Amino acid sequence: MTAHAANSAAAALTPKFAPHRVSRFKNHVPFLDSCAALHLTGYTVHSLLNAFSRSRYPVAAAMTRLTLESINQSVVTAKYAVRGELAVKSETYRAKIRKGDGQDLPFDQVISSNIGNPQQLGQKPITFYRQVLSLLENPRLLDHEDVLVNSLEYKPDVIERARWLLQQVGSVGAYSASAGVPGIKESVANFLERRDGYPADPANIYLTAGASSAVNILMHIICANQNSGILVPIPQYPLYTALLSVLDATCVPYYLNEQANWGTSLEQIKEACEKAKSDGVDVRAIVVINPGNPTGASLSAADVRSVLEFAADENLVVLADEVYQANVFIGAFHSFRKVLYDIQKETPGKFDGLELASVHSTSKGLIGECGHRGGYFETIGFDKQVSEQIYKYVSITLCAPVIGQCLVEMMVNPPQPGSPSYELYHEENSAIFNELQRRATALYDAFKDMEGVECGEPQGSMYLFPTIRLPAKAVEAAQKEGRKPDEFYCHRMLDATGVCTVPGSGFGQADGTQHFRVTFLAPGTEWIRIVREFHGKFMDEFSFDPSKLAYYPAPISNGRNTGVLVIPGGGYSHVSLEREGANSTMYLNLHGYDAWVLNYTTATTGQTPLYPKPLEEALGAVRYIRSLDRVQKLGIWGYSAGGHLAAITATNPKADLDFGILTYPVITMDDAWTHQGSRVNLLGDSPSEELVRRMSADEQVTAETPRMFVYHSANDATVPVQNTLLFLQALAANQVPFQTSILPDGEHGIALALNDPVRNWTPELDRWMNYSI
């Protein structure tokens with residue numbers, strides 16, 4: 001029979017079967033009988049089924065009951081950036097390399113810095129935990145205790161703990177009580193009492209499949225309908241917004257204070273809460289992540305207290321995500337539970353009705369056992385009937401993995417001093433902590449040297465969350481790809497280095513800012529070097545427009561192989577190219593120096609406030625000139641507001657400069673002595689104190705600042721000479737070589753004053769350049 005005849009036969013047979021039976025053709029006896037009756041020589045039943053699938057019979061469309069449009073739209077709209085597009089792409093690259101097909105990739109391994117998954121990134125399991133788990137999984141090993149101790153180096157307390165846990169659970173392959181194994185819940189309660197100094201009731205402790213499961217349970221209990229609002233920190237771990245989306249409840253974002261190293265801002269919390277309530281939202285709870293994810297910030301006891309006091313005033317449930325409590329590098333961990341009991345003791349009655357749920361996990365800390373899915377939450381102050389509903393909800397999922405519950409018990413009750421396993425346990429635990437801190441510091445140091453990147457000192461958790469100021473060209477390129485700028489940056493990093501990170505937009509961030517989250521779990525520091533190298537190339541590609549530079553080579557070189565980048569002034573409102581630019585290049589060329597003049601963005605050509613664009617352009621110009629390899633030594637020369645830009649560039653550790661020349665420079669952005677027009681154009685009307693400090697060059701001087709020559713006149717009525725004096729004081733304090741020429745008289749903007757025999761200050765500059773460069 002021909003293929004056409006077979007298709008015709010298939011079409012003839014099709015109406016004999018109801019649509020809901022189509023998927024069972026292979027088991028349908030009449031169908032097989034019909035096949036036999038057709039005598040289909042060389043045509044198998046499989047071939048005929050293929051013919052059915054290729055036919056245009058309308059049943060095929062009806063079979064697809066679920067489509068993207070018909071499923072729960074709350075799931076469709078939920079976002080979870082940690083395992084989003086970048087993570088999927090990274091796994092595609094990993095699979096390609098594993099198969100040996102990655103020759104076209106510019107890297108030979110994928111570094112999953114997008115997620116806190118310690119053991120995937122090389123962290124070794126702690127021996128005590130794994131030895132106990134091995135006995136729980138295979139209890140028959142306990143029949144050979146002598147072999148365990150004498151040949152496999154199992155300590156007696158390992159065997160003792162395994163026997164005790166088996167008494168509690170029976171078998172790790174069996175279900176436990178829905179809220180968790182009672183004996184393990186008692187261990188958690190004992191841990192909480194030891195940690196905080198206040199007893200805990202095991203009845204209020206629920207063992208879960210990791211912290212995510214705990215948050216899921218609590219959110220289902222708290223959120224009643226669309227109008228239920230939850231205050232969530234921004235940036236936040238995207239689990240919270242994803243769950244609220246799935247539950248069709250309302251996220252009420254409150255912004256953390258980046259200038260205070262991502263601390264909690266009570267003012268922001270109050271503002272967000274009031275706005276939501278005015279919009280008719282029933283604000284029910286506040287989420288606090290401490291230490292922070294993605295920020296790593298660790299809250300002070302005062303911050304914790306202020307949140308609890310606010311929650312009491314507003315009658316809010318507090319959900320304290322404390323899974324990183326063992327990962328604190330600066331200060332100490334302050335549990336919400338302890339602070340709550342402290343203030344209840346101090347003020348009897350006022351906080352007795354406050355509801356608190358605290359979450360912990362075996363996935364983070366120093367234990368890092370993500371795959372075993374162990375965790376717990378404790379409730380305080382919950383109504384008895386609500387607690388019954390929590391128990392009912394956890395019963396629906398039967399129980400948390402019992403092996404994970406056992407791991408929770410070991411996490412809260414590790415080997416103690418004097419026990420056989422303690423020495424090795426302490427050694428391994430300390431090594432993990434110290435290595436994490438070392439890697440965090442190495443990554444932080446790298447960010448400090450990367451242009452456009454700012455990052456707070458590592459405080460805790462497993463992440464850094466640096467700000468990245470992307471050049472306008474990069475933002476435009478991102479828009480063309482339909483991506484957010486930080487997402488574009490992270491994709492470019494992954495494609496170039498194999499390092500997978502998460503864009504800050506996946507966690508939430510203030511409008512107009514970009515960040516990315518990176519974990520410092522990956523072993524070694526070579527990958528950090530690779531990231532830094534990528535960043536430099538990225539900024540080279542997008543940050544600087546060479547057309548902003550005019551090049552003036554020296555007709556006759558002085559043999560010193562030295563050039564100068566000239567930055568004219570103009571109050572950040574315009575660029576004085578002729579008076580301060582052209583005159584300087586002629587002077588430099590006459591003395592045998594190459595010169596470049598930067599026509600940077602001002603209020604005339606850009607949108608105010610201008611920061612950080614002029615600084616990015618100056619740093620880009622330095623990097624671009626260096627890339628030309630025309631000069632060995634490079635200096636920077638700035639006038640007035642251009643002097644401010646030159647000074648801020650020269651004091652930036654990312655600028656590769658050998659010397660600086662400042663002419664009647666604006667140095668400080670402090671109101672007392674700054675040039676107000678320059679400050680407003682650059683920073684706006686109400687800059688933060690931190691931004692004012694960062695943009696005050698005298699505050700940025702270090703021992704690494706290049707040597708300086710500074711000219712000013714004592715009676716400058718436009719830019720007070722105190723600017724120069726502040727800068728000289730900072731140079732002296734940091735033992736940076738400098739020379740200054742401060743004349744008693746001279747108006748602002750005299751430039752070189754070459755035609756003024758009284759005020760011509762260039763002979764001093766000549767002498768300094770001859771002996772200092």
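**Exercise 1.** In which helix do Lys338 and Asp342 lie, and how many residues apart are they? State how their side chains interact in this predicted model.

*Solution.* Step 1: Lys338 and Asp342 both belong to helix H15, residues 336-346. Step 2: they are 4 residues apart, about one turn of the helix. Step 3: an α-helix has 3.6 residues a turn, so residues at this kind of spacing, three or four places, point the same way. Step 4: the two side chains form a salt bridge, 2.9 Å from N to O. Step 5: buried means under 20% and exposed over 50%, so Lys338, at 33%, is partly exposed, and so is Asp342, at 21%.

**Exercise 2.** Treat Glu435 and Arg438 of helix H18 likewise.

*Solution.* Step 1: Glu435 and Arg438 are 3 residues apart in H18 (residues 422-448), which means a separation of about one helical turn. Step 2: their salt bridge has its closest N and O atoms 2.7 Å apart. Step 3: Glu435 is partly exposed at 24%, and Arg438 is partly exposed at 42%.

**Exercise 3.** Check the length of helix H11 (residues 210-222) against 1.5 Å a residue.

*Solution.* Step 1: the 13 residues should span 18 Å. Step 2: the end C-alpha atoms are 19 Å apart, which agrees. Step 3: the buried residues of H11 include Ala211, Val215 and Leu218.

**Exercise 4.** Is Ser363 buried or exposed, and which side chain does it contact?

*Solution.* Step 1: Ser363 sits in the loop between strands E7 (356-361) and E8 (375-380). Step 2: its relative accessible area is 5%, so Ser363 is buried. Step 3: the Ser363 side chain makes a polar contact of 3.2 Å with that of Arg373.

Methods
Residues are numbered from 1 along each chain as its sequence is written. This is a predicted model: local features need pLDDT of at least 70, side-chain atom pairs count only at pLDDT 80 or more; totals for chains, interfaces and linings use all residues. Side-chain values use heavy atoms; hydrogens and water are left out. Helices (H or I, at least four residues) and strands (E, at least two) are DSSP runs, numbered from the N terminus. The expected span of a helix is 1.5 Å times one less than its number of residues. Buried means under 20% relative accessible area, exposed over 50%, partly exposed in between (1.4 Å probe, protein chains only). A polar contact is a pair of N or O atoms within 3.5 Å; within protein, one must be able to donate a hydrogen and the other to accept it, and residues adjacent in sequence count only if both atoms are side-chain atoms. A salt bridge is a side-chain nitrogen of Lys or Arg within 4 Å of a carboxyl oxygen of Asp or Glu.
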